[in-house]
Amino acid sequence: MAIDFTLAPEHEEIRLRVREFVRDTIIPAVEPFGEDRHGAVRDEYLRVIIGLRGKARELGLWLPHMPEEWGGMGLGHVALAMVQSEAAKTRLGPWILNCAAPDEGNMHTLLHWGTDEQKDKYLRPLLAGTVMSCFAMTEPEVAGSDPTLIRTHAVKDGDEWVINGHKWFISNARRAGFAILMARTETDVAEGTRGATTAFLVDLPQRGWDDVREVETMHGSTGHSEIVITDLRLPDGQILGGRGNGHRLGQYRLGPARLAHCMRWISQAETALDMMVDRALKRYSHGSLLADKQGVQWLIADSAMELYQCKLMVLHAASKIDKGEDFRTEVSMAKHFVAGSLNRIVDRAIQVHGALGYSTDTPLASMFQHARWARFADGADEIHQMRIAERTIAAYRATGSTSAATGGLPL
Ligand SMILES: Cc1cc2nc3c(=O)[nH]c(=O)nc-3n(C[C@H](O)[C@H](O)[C@H](O)COP(=O)(O)OP(=O)(O)OC[C@H]3O[C@@H](n4cnc5c(N)ncnc54)[C@H](O)[C@@H]3O)c2cc1C
């Protein structure tokens, strides 16, 4: 039997080093700044967090998701799960280790799809942490859930492409040195089918790329831009991954990136559960602690069971990626389940904290606001359910059993 959930000693050692670095260095350095950072405070904040990135590099806790020959830690996805979740104990942790979205997904994409020249120009500085990037796919006018509907279009004019369109919710756009932009290039491919879009590398800032606003969201206006693209001109060499391959490239990017989100969400859910139990052990009402009330114990038990399921699903999906097996169903299931669990667990933690949970005196309110987008970004719940159902039905049709669609486990 090869089922063993213990980490190799060298991975356990890395996990503990990340935990210590987050707990003893990142959190004490970043938390005093709070959420309100303007003017000189912002400058000082930037100096501190860039310094922390330097420290992460010195400690060898840099690019856990990248191969060693590209300056990374060369971890597989199972080992990465524990690094990502340790790092995500504080929101900035993954960024300090240079494994945060959207850069992390863009690195995988460039590594897999980029030409040597593109890797030199775009991937290397991203890995070095000297530039950041963004990924521009979603548009306000059409359902982001169906990227075959993209309307931003690129038309060939001599040696150049002329691009016009409209994007929004482009994370990191204002800080990015370049974008991976999805545009429709093939007019003979019908709307709703794949093969119509192409990915382009866009240096930023760029004439024709107008960052018109940062969209105000439930969690503030924190870096998700609306972009108007007008007559942006790019040469052929800026195509990433070949003409008409935009959809495939997007799907390739999203698989592991979705699971990396889950790894980080697990950490947030665990923090919420820790806080729930801590509060239940301290708050006294109607003759006993909240921890002694069956109603509160159910909230704790449901959360513990869900978190356990989340961890197993993420580890199993990660092990499938590591083994080169088809991981799409497992990643879809994990993405759907972990996003929902995160929302439910943070909500229960707020419930147990009462008014304190609703206040901004604890991180729970902010965690709740951030958790909400997990259920529709990078594949809405219903899209994952649709794909999971399709594969379950297909497995039954092919084999007379749904077993292959429930993890392919020997049970
Ligand atoms: C914080 C945040 C950061 C983001 N960052 C980026 C980024 O960096 N780059 C980028 O390109 N995009 C980004 N996005 C956009 C995100 O990817 C989209 O929100 C997502 O793809 C859903 O698209 P939509 O918002 O257009 O919703 P729609 O596609 O309009 O879907 C709305 C709802 O309709 C339902 N629905 C849609 N299709 C179906 C279906 N086939 N069956 C059943 N129900 C369906 C679902 O309930 C879904 O939630 C970000 C979004 C957020 C909130």
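Which residues have the most contacts inside the largest nonpolar core? In this predicted model, they are Val18, Ile96, Leu97, Leu110 and Leu240, and the core has 47 residues. Helix H1, residues 9-30, supplies the largest share of this core, with 6 residues. Residues of the core come from both domain 1 (9-100) and domain 2 (132-240), so the core lies between these two domains. In soluble globular proteins, nonpolar side chains tend to be buried together.

The chain is divided into three parts: domain 1 (9-100), domain 2 (132-240) and domain 3 (248-405). Taken over C-alpha atoms, the centres of domain 1 and domain 2 are separated by 29 Å.

Of its 11 residues, 9 are buried, so H5 is largely enclosed by the rest of the structure. The buried residues of H5 are Asp103, Glu104, Gly105, Asn106, Met107, His108, Thr109, Leu110 and Trp113. Among them, Leu110 is also one of the residues with the most contacts inside the largest nonpolar core.

The ligand was considered next. The shell around the ligand has 18 residues, of which Phe135, Thr138, Gly144, Ser145 and Phe169 come nearest. For phenylalanine 135, a backbone N or O atom lies 2.8 Å from a nitrogen atom of the ligand. For glycine 144, a polar backbone atom is 2.8 Å from an oxygen atom of the ligand. Two or more residues of the shell are given by each of strand E1 (132-136), strand E3 (160-171) and helix H12 (381-399). By class, the shell comprises 11 nonpolar, 5 polar and 2 charged residues. Both domain 2 (132-240) and domain 3 (248-405) give residues to the shell, so the ligand lies between these domains.

Several backbone features were also noted. Most residues other than glycine have a negative phi, and most peptide bonds are trans. Against this background, the peptide bond from alanine 101 to proline 102 is cis, with omega near -5°.

Positive phi values occur at two asparagines. Asparagine 98, in the loop between H4 and H5, has phi near 55°, a positive value in a residue other than glycine. Its relative accessible area is 2%, and asparagine 98 is therefore buried, the limit being under 20%. Asparagine 172 is in the loop between E3 and strand E4 (176-184), and phi there is near 80°, again positive in a residue other than glycine. With a relative accessible area of 8%, asparagine 172 is buried as well.

Technical notes
Residues are numbered from 1 along each chain as its sequence is written. This is a predicted model: local features need pLDDT of at least 70, side-chain atom pairs count only at pLDDT 80 or more; totals for chains, interfaces and linings use all residues. Side-chain values use heavy atoms; hydrogens and water are left out. A residue is near a molecule or strand if one of its heavy atoms lies within 4 Å of it. A polar contact is a pair of N or O atoms within 3.5 Å; within protein, one must be able to donate a hydrogen and the other to accept it, and residues adjacent in sequence count only if both atoms are side-chain atoms. Helices (H or I, at least four residues) and strands (E, at least two) are DSSP runs, numbered from the N terminus. Ala, Val, Leu, Ile, Met, Phe, Trp, Tyr, Cys and Pro count as nonpolar, Asp, Glu, Lys and Arg as charged, and the others, Gly among them, as polar. Domain bounds come from an automatic or database domain assignment. A nonpolar core is a set of buried Ala, Val, Leu, Ile, Met, Phe, Trp, Tyr and Cys residues joined through side-chain atoms within 4.5 Å. Buried means under 20% relative accessible area, exposed over 50%, partly exposed in between (1.4 Å probe, protein chains only).
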